[in-house]
Amino acid sequence: MNRIILKRGKEESLLRYHPWVFSGAIHHAEGHISEGDVVRVCNANGDFIATGHYQQGSIAVRVLSFDDVAIDDAFWHRRLSQALTVRQRIGLATPHSNTDESHSTHDAQRSTTAYRLVHGEGDQMPGLIIDIYGSMAVMQAHSIGMHQARHTIASQLVEVMQGAVSSVYYKSEGTLSFMEPENGFIIGSEGESIATENGLRFYVDWQRGQKTGFFVDQRDNRALLEQYARGRRVLNMFCYTGGFSFYAMRGGAELVHSVDSSAKAIELARRNVELNFPGDPRHEAFCEDAFRFLDAPPTAPEGASFDCLQGNVSPSGDDRGAYDLIILDPPAFAKHRGALHNALKGYTRLNAKAFEKIAPGGILFTFSCSQVVTKEHFRNAVFTAAAQAHRQVRILHQLHQPADHPINIYHPEGEYLKGLVLYVE
């Protein structure tokens, strides 16, 4: 097997089980190594340390195993089985029985068929994401090595799932854009278009939607928001396909406004709300830039409709205090450390706008999914925003990613989602 020989003393992070080898730690390579190849990583004396996928760039090797094992069908079967066991232990991959009538109503209300089965380094498969939507699996590669192993992984996935998954769709155009891989089915030819989360249904656009089609990482946080929604006027910014919106409606919100700059996302959000609450007049959707909306939220006469696809939404008036529950769940403001400073300014500005608009006694759910933004960075940005808006604020909850997005304890970089629930006086 091809070998990567490290510079003397550069094995320390690997001895602490960190799953990355940076290019600057490499002394030389032995053999004819191409991107995506499996390589053995050795210290300066030639002693084995780890096995992983090689790729050009700052992160040169993503470690698959610290044991000297072959990366073959049995390896992928074992890793996928371990990932499935975790999801079974936390109750996500456990099928709901329809035979026990005493629990059937509860199961129908809270059943979940959408969850993450593989979360990269958190499941010792760096560079690989697999989300499950009913009998459909959506696979996404973030490394060339995982791209090259996609067919083997897909076949082992179907075997491990023992009939629970019948189709595997590969979607890596956006994550490996420099390679221009083709999206498409690896196994099967069709997938379920509707999934269930805590008893609520939603359409999954796994072909054209963001990520794998839905943001399953906000499941627990959406459920928490439902508990705060009763009687409140809710604004869901960066709503994407409306996840927080239909949880708020089930929680008894007085009205829910969903805002996103993507017309396609708004259309899907409308469909998702209609799927769960057909004909419910409490919901309205707006296709608008977040900052423009917060500067002057649009209002409409009773019975009027908003056609965001035609661009017929025009903000009017000053609606300070129009909302007493606001969700800010923006896309990543910083995808690399060089963008951190501007990202923090963006989070501060966005949260300051929300603090200016929210009614006294309001609740703000605010998030960052930028991996390079730490919890401390984010909290400081929100603190600055509160001070700028001259609002008294209490922290009620500190939020994070759910259990099916586990964090490898040796890889703290995997803690990407952070959030705060704030009470605003």
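1. Start with Glu267, which is partly exposed because its relative accessibility is 31%. The model is predicted, so keep that in mind throughout. Arg270 also counts as partly exposed, at 21% relative accessibility. Both residues sit in helix 8 (residues 263-276), three residues apart, or about one turn of the helix.

2. Arg219 forms a salt bridge with Asp220, where the closest N and O atoms are 3.8 Å apart. Arg219 forms another with Asp404, and there the closest N and O atoms are 2.8 Å apart. Asp404 lies in the loop between strand 19 and strand 20 (418-424), while Arg219 lies in helix 6 (residues 219-228), so this pair ties together parts that are 185 residues apart in sequence.

3. Arg219 counts as buried, at 4% relative accessibility. Asp404 is buried as well. Asp220 is partly exposed, with a relative accessible area of 42%.

4. Helix 7 (residues 243-250) deserves a look. Why is helix 7 largely enclosed by the rest of the structure? Seven of its eight residues are buried, so the rest of the structure largely encloses it. The buried residues are Gly243, Phe244, Ser245, Phe246, Tyr247, Ala248 and Met249. Just after this helix, Gly252 takes a positive phi of about 95°.

5. Most residues other than glycine have a negative phi. Asn198 has a positive phi, near 50°. His390 has a positive phi too, near 60°. Asn198 is in the loop between strand 12 (194-197) and strand 13 (200-203). His390 is in the loop between helix 11 and strand 19 (393-400). Are these residues buried or exposed? Asn198 counts as buried, at 16% relative accessibility. His390 counts as exposed, at 72%.

6. Next, a helix pair. Helix 10 (residues 340-357) packs with helix 11 (residues 375-389) at an angle of about 40°. That makes helix 10 oblique to helix 11. Their axes are 8 Å apart. The crossing of the two helices is right-handed.

7. Gly361 belongs to strand 18 (residues 358-368). At 18% relative accessibility, Gly361 is buried, because the cut-off for buried is under 20%. How many residues separate Gly361 and Val393 in sequence? The answer is 32, with the C-alpha atoms 9.6 Å apart in space.

8. Thr113 gives another such pair. Thr113 is found in the loop between helix 3 (101-110) and strand 7 (114-119). Thr113 counts as partly exposed, at 30% relative accessibility. Thr113 and Ile132 are 19 residues apart in sequence, and their C-alpha atoms are 7.3 Å apart.

9. Finally, the surface. Which residues make the nonpolar patch of about 360 Å²? Tyr17, Ile409 and Tyr410 do. Tyr17 lies in the loop between helix 1 (12-15) and strand 2 (20-22). Tyr17 is partly exposed, with a relative accessible area of 40%.

Technical notes. Residues are numbered from 1 along each chain as its sequence is written. This is a predicted model: local features need pLDDT of at least 70, side-chain atom pairs count only at pLDDT 80 or more; totals for chains, interfaces and linings use all residues. Side-chain values use heavy atoms; hydrogens and water are left out. Patches are made of residues with over 30% relative accessible area and no salt bridge: like charges are joined within 9 Å, nonpolar side chains (Val, Leu, Ile, Met, Phe, Trp, Tyr) within 5 Å. Accessible areas come from the Shrake-Rupley method with a 1.4 Å probe; for residues, only the protein chains shown count as cover. A salt bridge is a side-chain nitrogen of Lys or Arg within 4 Å of a carboxyl oxygen of Asp or Glu. Helices (H or I, at least four residues) and strands (E, at least two) are DSSP runs, numbered from the N terminus. Buried means under 20% relative accessible area, exposed over 50%, partly exposed in between (1.4 Å probe, protein chains only). Axes are lines fitted to C-alpha atoms, for helices over the stretch in contact, and angles run from 0 to 180 degrees between N-to-C directions. Angles under 35 degrees count as roughly parallel, over 145 as roughly antiparallel, 65 to 115 as roughly perpendicular and the rest as oblique. A crossing is left-handed if the near helix is turned anticlockwise from the far one by less than a right angle, and right-handed if clockwise.
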